[in-house]
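Here is a short briefing to read alongside the sequence and the 3D view. Take a look at the structure first, then follow the notes below.

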Amino acid sequence: MNRRAFLTALGATTAALAVDDAWAGTLADTAGEATILDVGPLDSFEQEKVYDSFRDRGVLLIRRGDELFALSPVCTHRGCKVRTQEDNSFLCKCHKSRFDPHGKVVNGPAVKDLLRLKVKLTADNRVLVRVKKPQLTG
Ligand code: FES
């Protein structure tokens, strides 16, 4: 998928990015509350699945149809990291909270959905994800 197709397909996501002023600037913006993680070239995320190789760095990258989005793996109950299940849902083994493939809570004790992270495509088609620093630990 080329840059134009990506941006077109992700209309809702790119609109969300457009209103994230902190993200709209340079990487230097990230000193403080967040950091930017370069997760690789766009064409490495063409298969429909959860890419969880960046889980320990605070990112689950998810391709569903024409949508590419990122979730925090940090459970919203008490901060354990969720694991991807065969059906692409997420399970937190600490207290058994379950989240659907879009990160929505299905079963508690968690009551909040997994945090959706900002995703941006660079001019040379690399995918960047904005990660809040507290998510890099734990
Ligand atoms: S920390 Fe995930 S269910 Fe409690």
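Is Cys75 buried or exposed? Cys75 is buried, with a relative accessible area of 5%, where buried means under 20% relative accessible area, exposed means over 50%, and partly exposed lies in between (1.4 Å probe, protein chains only). Please keep in mind that this is a predicted model, in which local features need pLDDT of at least 70 and side-chain atom pairs count only at pLDDT 80 or more, while totals for chains, interfaces and linings use all residues. Residues are numbered from 1 along each chain as its sequence is written, and side-chain values use heavy atoms, with hydrogens and water left out.

**Overall layout**

- The chain contains three helices and eleven strands; helices (H or I, at least four residues) and strands (E, at least two) are DSSP runs, numbered from the N terminus.
- Reading from the N terminus, the order of elements is α-α-α-β-β-β-β-β-β-β-β-β-β-β.
- The chain has 138 residues, and 39% of them count as buried.
- Among contacts with a separation of 6 or more, 51% come from residues 24 or more positions apart; a contact means heavy atoms within 4.5 Å.

- Four strands make an open sheet in the order 5-6-7-8, with antiparallel pairing; two strands pair if DSSP finds at least two bridges between them.
- Strand 5 (83–84) and strand 8 (105–107) are at the edges with a single partner strand each, so one side of each has no neighbour in the sheet.
- Strand 5 and strand 6 (residues 90–91) run antiparallel and are joined by two bridges.
- Thr84 has Phe90 in strand 6 as its bridge partner.

**Cysteines and the disulfide**

- One disulfide turns up in a search of the whole structure, a disulfide being a pair of cysteine sulfur atoms within 2.5 Å.
- That link joins Cys80 to Cys94, with an S to S distance of 1.9 Å.
- The link of Cys80 and Cys94 is left-handed, at -95° about the S-S bond.
- The pair connects distant parts of the chain, 14 residues apart: Cys80 lies in the loop between strand 4 (67–71) and strand 5, and Cys94 in the loop between strand 6 and strand 7 (98–99).
- Cys80 is partly exposed at 23% relative accessibility, and Cys94 is partly exposed at 41%.
- Cys92 counts as buried, at 2% relative accessibility.
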